[in-house]
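Dear colleague,

I am passing on a structure for you to look through, together with notes on what came out of it. Please read the notes with the coordinates open beside them.

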Amino acid sequence: MHVIGKDCDKCGFCILECPVEAIVDAGPVNRVVPGKCVECGACVPVCPLQVIVEEHGAAGEAAAPAAPSR
Ligand code: SF4
Ligand code: SF4
């Protein structure tokens, strides 16, 4: 799924872009709701800070910067 990193400044672009409203205001940063995201990837290029990354494996708290995939 896609995750939003801690450097999000809540510009809101990703919320406007997400077709399934999977991105919500979660306090200090916006957040992708697990299970709602359909992995369309539309939010990734619109983020001016590039803090949205696709995370492989378990959905967790670690919004790691784009790690090299195997
Ligand atoms: S587009 Fe990026 S910086 Fe803007 S609210 Fe979304 S994740 Fe945060
Ligand atoms: S990948 Fe698509 S469905 Fe998932 S949060 Fe981003 S815009 Fe929404």
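For the ligand shells, Ala, Val, Leu, Ile, Met, Phe, Trp, Tyr, Cys and Pro count as nonpolar, Asp, Glu, Lys and Arg as charged, and the others, Gly among them, as polar; a residue is near a molecule if its C-beta atom, placed from the backbone, lies within 6 Å of it. This is a predicted model, in which local features need pLDDT of at least 70 and side-chain atom pairs count only at pLDDT 80 or more, while totals for chains, interfaces and linings use all residues. Residues are numbered from 1 along each chain as its sequence is written, and chains are lettered from A and ligands numbered from 1 in the order in which they are written.

The shell around ligand 1 holds 14 residues, of which C8, C11, F13, C14 and C47 come nearest, and by class it comprises 10 nonpolar, two polar and two charged residues. Ligand 2 is surrounded by 14 residues, with C18, C37, C40, A42 and C43 the closest, and its shell divides into 10 nonpolar, two polar and two charged.

Leaving aside residues up to four places away in sequence, C8 touches V29, N30, L49 and V51, where contact means C-beta atoms, placed from the backbone, within 7 Å.

E39, in the loop between β3 (30-32) and α2 (43-46), has a positive phi of about 60° although it is not a glycine, and E39 counts as exposed because 9 other C-beta atoms lie within 10 Å. Q50, in the loop between α2 and β4 (52-54), likewise has a positive phi, of about 55°, without being a glycine, but Q50 is partly exposed, since 13 other C-beta atoms lie within 10 Å.

With kind regards

Key. Contact = placed C-beta atoms within 7 Å. Helix = DSSP H or I, 4+ residues; strand = E, 2+ residues; numbered from the N terminus. Buried ≥ 20, exposed ≤ 12 C-beta atoms within 10 Å, placed from the backbone.
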